[in-house]
Amino acid sequence: MEKKSSLICRALAATAFVAAALCAHAAEAVYRIVEYNKSTGEFSLAASGMVPKGSWAYFQNDYGATTGNRYNQIPRNRKATLWLEGWKGCKLRSVTLSMCSNSKSGQVGLAVCDGEKSLYVLRPADFASETWFGQWVSKDLNVYVDITKRLDIPALAADEASLVLQGGTAEGSVYVSTITIEYDEAPGAELESPLGWAYEKLTKKSVLSEGDEVMIYRNGCAAADFDGMQTSHYLDAMVIASTADVSSPDVLRFTLGKADGQESWTLTDQNGRALGATGKQSLAWDEGSTLWTVSLGYDGAEVTNVNADCGTLRYNAPAGSYARFNVYSSTSLPLPFLYRKGSQRQPEVSRSLTFSEPVVTADVSAGHVVLKPSLLPATATDRRIRWTCDNGQVAMVNGGLVTLLNAGEATIAARAADGGCEASVRLVVTAAAGVASPTASARRSEARKLLVGSNVVVTTKAGRYTLGGRPVPAH
């Protein structure tokens, strides 16, 4: 059994190494699922790395949105999806999933979709199968292992793509912590940080300047346009969690422009459309009067169309209907505030990585140990840890899960992915204390991994296969 475990771990390690080497020159985007935010009805993502400029990622897990703190759980017959917008032209090279399972159950599949078209489909299989990690990793251990899936698919052609994690039909769940995408950006595209921008409220003492980028905001909502103003004639009120971290491309960002020889302003959104008004309660893009006067106050900003018949921009949240921003002649509705775009949030780099003990001793019969170093500060943006072991004969490590192979000593090193800090622990693996009774032997699996020359071969009743599923001729 020890030899079998060693072969499995070696095969998994070799697969991960090859995938990492093939993706060495690709850009990287990292999305860690933090929690489900009940106030906004959205999943909070901690993003790092670099993403296509103007892109957006959104995580959806219908089960996780209804079961308390199980925001990252994917049970049988359920799925979770990471939606990507603005990735057109990018070529996805690999996806690394930080995952774990229930103690002895849980299936998962993966699909990559380009709009409605499926580019990659891996049907649900046991987490402990060679399709995934090769052994169960109990959620009770509070550790996630990294599993890399190499993709050989064409560049994305649609504006919207998705990564779908599908639970199986058998009992059990899997859990996902972080999704890392390695990719080649579209030709000529720019990359940027996925961290949001801080917006500051403009008050009576603030001064507007041509070129300022502002959003229209009131009562936790920013102006957006989901339905198209040609139909609704108003701007939608989109809930945002914080004005100190605005990243959604759906939030309208208006650039202020000065009309020649006038004191009025133009408001042009990120799509190049000028905000106009064609009458009372009737906003439009590039139609009607597109000139506005702006007067800042402590109770809001008076953004009034130069056509006095159109009215002033105000916030309205009618009972039983959607909140909105529109032009009104009434003075009873609240004024919106203008928030000016400031600086982009900067990633917080890790500063300390420590183990509670310098030496860990374990009996090889335990099978595995779990290492949980303390990474500070708790607000570090990228909390991934890269693991290495200097003695593959003694142990293998992935995500803090150390699989014990043979008696001996090894050094397990942990390094923060952002390069901010690192630490190590000495592992002492002792020989099994006793000899198990022959009658207590575990039932042998029908599928076994054997080392043939320098290759790992899977042997079943049906025949012999490579790890990639190709038949191996009998000798």
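**Overview.** I noted to begin with that this is a predicted model. I looked up the secondary structure and found 2 helices and 38 strands in the chain. Of the 475 residues, 46% are buried. I then checked the contacts with a separation of 6 or more, and 64% of them are between residues 24 or more positions apart.

**Asn316.** I went to strand S24, residues 312–316, where Asn316 has its place. Is Asn316 buried or exposed? Its relative accessibility is 18%, and buried means under 20%, so Asn316 counts as buried. Leaving out residues up to four places away in sequence, I listed what Asn316 touches: Tyr322, Ala323, Arg324, Tyr328 and Leu333. With Tyr328, the side chain of Asn316 also makes a polar contact of 3.3 Å.

**A sheet of 3 strands.** I traced an open sheet with the order S29-S33-S32 and antiparallel pairing. Strands S29 (368–370) and S32 (395–398) are at the edges with a single partner strand each, so one side of each has no neighbour in the sheet. From one strand to the next, the twist averages 20 degrees. I looked at the pairing of S29 with strand S33 (residues 401–404) as well: 3 bridges join these antiparallel strands. His368 stands opposite Thr403 in S33.

**Aromatic pairs.** How many aromatic pairs are there? I counted 8 aromatic pairs. I picked out Tyr217 and Tyr339, an edge-to-face pair at 5.0 Å centre to centre with 65 degrees between the planes. Tyr217 is in strand S15 (residues 213–218) and Tyr339 in strand S26 (residues 337–344), so this pair ties together parts 122 residues apart in sequence. Tyr217 counts as buried at 13% relative accessibility, and Tyr339 counts as buried at 9%.

My next stop was Phe254 and Trp285, a stacked pair at 6.3 Å centre to centre, with 25 degrees between the planes. Phe254 belongs to strand S18 (residues 254–258) and Trp285 to strand S21 (residues 282–285), so the pair links parts that are 31 residues apart in sequence. Phe254 is buried with a relative accessible area of 0%, and Trp285 is buried with 11%.

Conventions:
Residues are numbered from 1 along each chain as its sequence is written. This is a predicted model: local features need pLDDT of at least 70, side-chain atom pairs count only at pLDDT 80 or more; totals for chains, interfaces and linings use all residues. Side-chain values use heavy atoms; hydrogens and water are left out. Helices (H or I, at least four residues) and strands (E, at least two) are DSSP runs, numbered from the N terminus. Buried means under 20% relative accessible area, exposed over 50%, partly exposed in between (1.4 Å probe, protein chains only). Contact means heavy atoms within 4.5 Å. A polar contact is a pair of N or O atoms within 3.5 Å; within protein, one must be able to donate a hydrogen and the other to accept it, and residues adjacent in sequence count only if both atoms are side-chain atoms. Two strands pair if DSSP finds at least two bridges between them. Axes are lines fitted to C-alpha atoms, for helices over the stretch in contact, and angles run from 0 to 180 degrees between N-to-C directions. Rings of Phe, Tyr and Trp (its six-membered ring) pair if their centres lie within 6.5 Å; planes under 30 degrees apart count as stacked, over 60 as edge-to-face and the rest as tilted.
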